[in-house]
Each structure stands twice: as C-alpha cells, then as structure tokens.
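Hello,

Here is the structure I promised to pass on to you. Please open it beside this note, and then read on for what turned up.

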Amino acid sequence: GINAEYMGDGEHLLTNAMDNTVRAWDVRPYVRGGDPARCAKVFTGHSHGVDKNLLKCNWSPDSKRVCAGSSDTPTNAYIWDFESRRMLYRLPGHKAACNEIVFHPTAEVVLSCSSDTTMFLGELAK
C-alpha cells in the first residue's frame, strides 16, 4: 500500500512506499521539468518488511520535519529534517510494524502506534 499526506501549505505531498522510501512531491501547478522534477526529496533509512502493512507518514505542524513508521527489526519510528533529509530520530520499542507516528500539534511530542497493539509517546529534544 501507499500512504499520502499533504504539507500544511499545500505545495508538497508526502508518500511512504513499498520501495522503502518516503518521498515529498511538488504538487504545485506548472512545475518546470515535468514529472521527474515533481519528486522534491527522498528520505531513506526505514523499511517495509514482508508483512505489507500500510505504514503512514506525516508532517510536523511546522512542516520542518517528516515522520514515518516502519517494519524493520527491531521496529522503529523515524523522523527526518525536511530541508536536509537528515534522519533526526530512530525511535525503538514496538515489537511489530509501527503503522503510524504523528506529531503533537503544539508540544515536542510524538505518538507511535503498532500492530503489536501498543502506543508510545516520545519527547523530542528542543
């Protein structure tokens, strides 16, 4: 499966695909260069595994970071800096696929949830 989330400004769409990439796509009209130029950024480091679960991706409220679940072993949730594409956090703890990770709207906190029926809150450094 594939998951897609729009950036707050509506200019980018974030996808988490089975090729083990999270991609930011430029969805503004009339992008120079045609379709290949629409893939603005690629984030790597997580994996989908063999269970083929839908692993959601999300933007931080300020659109400066992106996050995604994974099916790697041990299972982690991932957060990247949008501009540099640098991985900021690899958050462990789940025993099965991390299906979703979301940012709190005002605090430096994330919530991850998993197929193992657990949810974890994580505080991020300021």
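A term to start with: two strands pair if DSSP finds at least two bridges between them. Strands (E, at least two residues) and helices (H or I, at least four) are DSSP runs, numbered from the N terminus. Please keep in mind that this is a predicted model, where local features need pLDDT of at least 70, side-chain atom pairs count only at pLDDT 80 or more, and totals for chains, interfaces and linings use all residues. Residues are numbered from 1 along each chain as its sequence is written, and side-chain values use heavy atoms, with hydrogens and water left out.

Let's begin with β10 (residues 109–114). Five bridges join β10 to strand β11 (residues 119–123), and the two run antiparallel. Within that pairing, L111 has L121 as its bridge partner. Four residues lie between β10 and β11 in their hairpin, and T117 in the turn has a positive phi of about 70 degrees.

On to β9 (residues 98–103), which is also joined to β10 by five bridges, again antiparallel. Here E100 is partnered with C113, and the β9–β10 hairpin has five residues between its strands.

Finally, the nonpolar cores, meaning sets of buried Ala, Val, Leu, Ile, Met, Phe, Trp, Tyr and Cys residues joined through side-chain atoms within 4.5 Å. The largest has 12 residues, including M7, F43 and W59. A second, separate core of eight residues includes A77, C98, I101 and L124.

Best wishes

Notes
Buried means under 20% relative accessible area, exposed over 50%, partly exposed in between (1.4 Å probe, protein chains only).
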